[in-house]
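Hi,

Here's the structure I promised to pass on.

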Amino acid sequence: KDDIEFEEVERAMIGLGFERKMKLSVWKLLSAILNLGNIIFEEDSSIKTADACKIQNREQAKVVADLLQVDQKDLEESLTTRSINTGSWGGRSDISVYLTVTQAEFARDSLAKALYSNLFDWVVDVINKTIAPSATAPTEMSTGVLDIYGFEIMETNSFEQFCINFW
């Protein structure tokens, strides 16, 4: 059943003007988003700072970095630290602060949500451009998109719920 639905989505994307390269980018980005959720953090006892963390499964970070076409080290650093700017324009400096496991999980989930949101907006934009009336074909067309993410009333919406709502 999944393979049939995938083929239907592929045909719809072609019909909406998605070129091969665009479709591949969508699948890579969706894969990166889903794989981000598999990154696990643990306390890093090698760092003397209290509650610092590191990525437990670095091979998963490599998968995500490859899909996003970013440096793995940069991705790992962005998920486990944050930069704080101190001082004024004359004596400004940047300080890196290690994140706790909870903070790193929040950073990971925030990145996934931001990537998904931007992808969603881009897909809607491509669709809108495709169905926009032109001078040669002034027929009015429209499409409706129902976004039910967060429709459920839950104490917390997890990444898993985000993925369920996506499908």
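The chain has six helices and four strands. Keep in mind that this is a predicted model. Reading from the N terminus, the order of elements is α-α-β-β-α-α-β-β-α-α. Of the 167 residues in the chain, 28% are buried. If you take contacts between residues at least 6 apart in sequence, 51% of them join residues at least 24 apart.

The axes of α1 (residues 2–15) and α2 (residues 20–36) come within 10 Å and cross at roughly 135°. The crossing of α1 past α2 is right-handed. On the α1 side the contact uses Phe 6, Val 9, Glu 10, Met 13 and Ile 14, while α2 brings in Lys 23, Val 26 and Trp 27. Sorted by class, that contact has six nonpolar residues, two charged ones and no polar ones.

After α1 comes Gly 17, with a positive phi near 90°.

The other helix I looked at is α5 (residues 101–131). Its 31 residues should span 45 Å, which agrees with the 45 Å between its end C-alpha atoms. Buried residues in α5 include Ala 104, Ala 107, Arg 108, Asp 109, Leu 115, Tyr 116 and Ile 131.

Cheers

Methods
Residues numbered from 1 in each chain as written. Predicted model: local features only at pLDDT ≥ 70, side-chain atom pairs only at ≥ 80, totals over all residues. Heavy atoms only, no water. Axes fitted to C-alpha atoms, helices over the stretch in contact; angles between N-to-C directions. Helix = DSSP H or I, 4+ residues; strand = E, 2+ residues; numbered from the N terminus. Left-handed = near helix turned anticlockwise from the far one by under 90°. Contact = heavy atoms within 4.5 Å. Nonpolar A, V, L, I, M, F, W, Y, C, P; charged D, E, K, R; others polar. Expected span 1.5 Å × (residues − 1). Buried < 20%, exposed > 50% of the residue type's maximum accessible area, 1.4 Å probe, protein only.
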